[in-house]
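Have the model open as you read.

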Amino acid sequence: MSASAMHIEPFFDAATGTVSYVLADTVSGQAAVIDPVLDFDPKSGTLSSRSADQLIAYVRGQGWQLQWILETHAHADHLSAAQHIRHHLGGKVAIGAHIRGVQQVFSKIFHFESSFLPDGSQFDHLVEDDERLMLGQLELLAMHVPGHTPADMAYLVEDAVFVGDTLFMPDVGTARADFPGGDAATLYQSMQRILALPGQTRIFVCHDYPPAGRSPAWQTTVQAQREGNIHVRDGVSEADFVQMRTARDATLDMPTLLLPAVQVNVRAGKLPPAQDDGRTCVQLPINAFVKNVPVPDGVWQ
């Protein structure tokens, strides 16, 4: 199949630093959306679909049929627009099969309703490591790349790989590994799997937090990462990376949208069940993500 039949269209959401993608086989007219964003204002609790509607309009404008909505993992920095997009365009929502372990952890933290099953059934398809997904004539190879979370997947198609939150642009480095189930050594090993691909392989990242003076970017190469990634370039050992990543993670604040995002994203982009009055709420568990910080005396009723 000619590589020119593959089309990749990025959409950058400045509010969350997220890059979503439309991937298409232009011969068959089949398309996939990767890591779509649902807009959420944490100050007002306002939920809207401005970002996702841009992807919907683009797919419709091209006359393509949506086949897949692919999540690289359960994001902590934005809410997934998977269900909104599926409602308007169809397609199957897919995520790595290890999402079941992530669901087990967070369903306990947030005390999900008893009817919630941490079995991945909220998604249309659970992707296994080395599974091959078809998009028209394009073949996508799913790569399990845990470390940032236990369920991260990368998707390799021809000379392009969508790496989610494993690698960032070379001057930004790598993803954090301090979320529940994350592990810096595992992340290092996963990145080595990606960096073992041919040097000319194009890497499409899921986030960019550009240093001052640089515009947002999202495409690099395996060779550029191996030569210049500030965290994991050639010559950086696993021990050195783990030491750096652990120390750096200890200085990072939790993502602004972590609490609402996780509650929605482990449900495949569905909101929690509505309350008796029809209103939907997300929870704010007290001190759930910190250690050795006691709740102030006298605040319990």
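Predicted model: local features only at pLDDT ≥ 70, side-chain atom pairs only at ≥ 80, totals over all residues.

Residues are numbered from 1 along each chain as its sequence is written, and side-chain values use heavy atoms, with hydrogens and water left out.

**Empty spaces**

Rolling a probe the size of a water molecule over the atoms shows where empty space is left. Here a 1 Å grid is laid over the protein atoms alone: a cavity is a set of points where a 1.4 Å probe fits but cannot get out, a pocket is an open set with protein on both sides within 12 Å along at least five of seven lines, and lining residues have an atom within 4 Å of a point. Points are joined across faces, edges and corners, and a volume is the space filled by probe spheres set on them.

The largest pocket has a volume of about 690 Å³. It is lined by 36 residues, and the closest to its centre are Thr16, Asp77, Arg176, Tyr209 and Pro255. Strand β4 (37-41) and helix α6 (238-249) each supply at least two lining residues, with β4 giving the most, four. (Helices, H or I of at least four residues, and strands, E of at least two, are DSSP runs numbered from the N terminus.)

There is one cavity of 30 Å³ or more, and the largest cavity has a volume of about 90 Å³. Its lining includes His75, Phe106, Thr149, Phe179 and Val262; α3 (99-109) and α7 (258-265) are the elements that give two or more residues to it.

The table sorts both linings, counting Ala, Val, Leu, Ile, Met, Phe, Trp, Tyr, Cys and Pro as nonpolar, Asp, Glu, Lys and Arg as charged, and the others, Gly among them, as polar.

| Lining | Residue classes |
|---|---|
| Largest pocket | 18 nonpolar, eight polar, 10 charged residues |
| Largest cavity | 10 nonpolar, two polar, no charged residues |

**Helix pairs**

The axes of α1 (residues 50-62) and α2 (residues 82-89) come within 10 Å and cross at roughly 30°. (Axes are lines fitted to C-alpha atoms, for helices over the stretch in contact, and angles run from 0 to 180 degrees between N-to-C directions.) That makes α1 roughly parallel to α2, a word used for angles under 35 degrees.

Helix α4 (residues 184-195) and α6 have axes that come within 9 Å and cross at roughly 125°.

Methods:
Parallel < 35°, antiparallel > 145°, perpendicular 65-115°, else oblique.
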